[in-house]
Amino acid sequence: MTTGSYLDETSKVLAWWFAAGDTMPNGDGRKIVVGEKLTVSPPLVLCKHGFHGSKLCLDALQYAHGPWLHRPRHSGEILYGDDKLCSTERTILARVDFTPQLRLFARQCASDVLHLWNAPEVVRDYLATGDEALQGAARRAAWAARYAGAAAGAAAWAAWASGDAAWAARDAAWAARDAGGAAAGEKQVASLEALALVAVAAAMEVAP
């Protein structure tokens, strides 16, 4: 949630942004085209008017409507909030289906707090490998732990509880932070940022 903001009219800023498909949301309807600059008229209003993004990928994940990760460059007027920004100009530099990385990140979040509960072997194996053959048994074991009040078990359950990869990653991250505190949160920032940078670099290499 944004509690304060300030306006910058001189910078160009790289950020992260998630979308569900290939068109702009919230009634805009314009096609998302890599390399094309889109503009809106001021005044900017956070959460309401402007092209939005976040400097940290983990912050962008909190607002994700889908698994498509974008690397936007914001320019023109830029209005900053606590964990997001919006601008009058935005150019998408790369676009990638981030679903596999989000699933991996969700498992990483749950793995980071495994030491806080007596996780069954099937849970440990699933989180380490992502083997779908183990998913049912691992999910049942994590649900039992979650029901019993084990916060770390809740993180494991969240890692695959949602069919939407962005939701699963976000819920696993929240649950892991609840269980592991600030240290878990700091590790999540670095882990997701690294996954995002690699994915975007690969997407830019194969772009026509």
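Visitor: What makes strand 2 and strand 6 a pair?
Guide: Strands pair if DSSP finds at least two bridges between them. Strand 2 (residues 13–14) and strand 6 are joined by two bridges in the antiparallel sense, so they meet that cut-off. Leu14 has Arg73 of strand 6 as its bridge partner. A strand here is a DSSP run of E with at least two residues, a helix a run of H or I with at least four, both numbered from the N terminus. The model is a predicted one, in which local features need pLDDT of at least 70 and side-chain atom pairs pLDDT 80 or more, while totals for chains, interfaces and linings use all residues. Residues are numbered from 1 along each chain as its sequence is written, and side-chain values use heavy atoms, without hydrogens and water.

Visitor: Which bridges join strand 6 to strand 3 and to strand 7?
Guide: With strand 3 there are three, antiparallel; Trp17 has His70 of strand 6 as its bridge partner. Strand 6 and strand 7 form a hairpin, with four residues between them.

Visitor: Why is strand 6 called largely enclosed?
Guide: Buried means under 20% relative accessible area, exposed over 50%, and partly exposed in between, with a 1.4 Å probe and protein chains only. In strand 6 (residues 68–80), 10 of the 13 residues are buried, so the rest of the structure largely encloses it.

Visitor: How many aromatic pairs are there in the whole structure, and why is the pair of Phe18 and Phe98 called tilted?
Guide: The search finds two pairs. The ring centres of Phe18 and Phe98 are 6.1 Å apart and the planes stand at 50°, so this pair is tilted. Phe18 belongs to strand 3 (residues 17–19) and Phe98 to the loop between strand 7 (85–97) and helix 2 (99–111), 80 residues apart. The rule is that rings of Phe, Tyr and Trp (its six-membered ring) pair with centres within 6.5 Å; planes under 30 degrees apart are stacked, over 60 edge-to-face, the rest tilted. Phe18, at 2% relative accessibility, counts as buried, and so does Phe98, at 0%.

Visitor: What makes Trp143 and Trp157 a tilted pair?
Guide: Trp143 and Trp157 are 5.2 Å apart centre to centre, with 50° between their planes. Trp143 lies in helix 4 (residues 135–147) and Trp157 in helix 5 (residues 151–161), so the pair ties together parts 14 residues apart in sequence. Trp143, at 38%, is partly exposed, whereas Trp157, at 18%, counts as buried.

Visitor: How do you know that the charged end of Arg90 sits over the ring of Trp17?
Guide: The test asks for NZ of Lys or CZ of Arg within 6 Å of the ring centre and within 35 degrees of the ring normal. The charged end of Arg90 sits 4.0 Å from the centre of the Trp17 ring. Arg95 lies over the face of Trp68, at 4.0 Å from the ring centre.

Visitor: Which residues line the largest pocket?
Guide: There are 22 lining residues, of which Trp17, Pro25, Asn26, Gly50 and His52 lie nearest the centre. A pocket is an open set of points on a 1 Å grid where a 1.4 Å probe fits, with protein on both sides within 12 Å along at least five of seven lines; lining residues have an atom within 4 Å of a point. Strand 5 gives the largest share, three residues.
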